[in-house]
Amino acid sequence: MVAETHGLSQRGGSIDVHVRIGDVDAPLIPKGGADVVVAFEILEALRAVGYANKNTIFIVNRRLIRPPATKQRIPSINELENILRSSIKRVYTVNAYDDALKLGSIIYENMIILGALYSIVGLNQYIPQNIIEESIKANIRKDVDKNIKAFTMGLRYGNNKESKP
């Protein structure tokens with residue numbers, strides 16, 4: 001089951017998407033009930049801390065998108081990461097923004113983070129990598145090779161000592 005809570009998405013705000021797999025009765029994940037949180041931006045990760053429990057894995061893009069028109073001081077990425085690590089034990093950081101720029105566009109961040117999720121959580125036990133690559137080929141119309149390369153770049157985060165908690 002999937003549920004999207006849009007918030008201010010049409011005005012540049014974040015979108016929360018809940019995905020539940022298995023025998024579930026409702027699409028929304030209860031507070032403290034998340035197995036995995038994937039945050040495409042570090043402030044999103046901090047907003048999602050309430051969904052965590054002692055076993056929750058956080059996969060966080062080391063990207064900070066500063067809110068517009070705020071007069072408050074926004075801490076640095078390193079400060080925000082330290083705040084997050086003080087309350088969550090299993091935080092994996094991903095430099096998807098920088099990796100995507102190496103491929104020529106930030107549009108590849110999503111695929112890099114998908115590769116990181118796949119490798120960190122161990123989804124290869126359930127879905128072989130060639131199935132993911134075939135799905136990319138079947139569902140993406142432009143730059144298929146770069147999307148596969150982005151997914152492959154993300155795989156290294158499951159083995160990268162720097163991204164591990």
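**Exercise 1.** Which helix lies across β4 and β5, and at about what angle does the helix run to β5?

*Solution.* Start with the ground rules. This is a predicted model, where local features need pLDDT of at least 70, side-chain atom pairs count only at pLDDT 80 or more, and totals for chains, interfaces and linings use all residues. Residues are numbered from 1 along each chain as its sequence is written, and side-chain values use heavy atoms, with hydrogens and water left out.

Next, find the elements. Helices (H or I, at least four residues) and strands (E, at least two) are DSSP runs, numbered from the N terminus. Helix α2, residues 77-87, lies across β4 and β5. Its angle to β5 is about 155°. Such angles run from 0 to 180 degrees between N-to-C directions, with axes fitted to C-alpha atoms, for helices over the stretch in contact. Contact means heavy atoms within 4.5 Å.

**Exercise 2.** In what order do the three strands of the open sheet stand, and why is one side of β3 left without a neighbour?

*Solution.* Two strands pair if DSSP finds at least two bridges between them. The order is β3-β4-β5, with parallel pairing. β3 (36-39) and β5 (90-94) are at the edges. Each has a single partner strand, so one side of each lacks a neighbour in the sheet. On average, neighbouring strands are turned by 15° against each other, direction ignored.

Now look at one pair. Four bridges join β3 to β4 (residues 57-61) in the parallel sense. Opposite V37 stands F58 in β4.

**Exercise 3.** Which residue lies over the face of Y51?

*Solution.* Apply the test: NZ of Lys or CZ of Arg must be within 6 Å of the ring centre and within 35 degrees of the ring normal. The residue is K31, at 4.2 Å from the ring centre of Y51.
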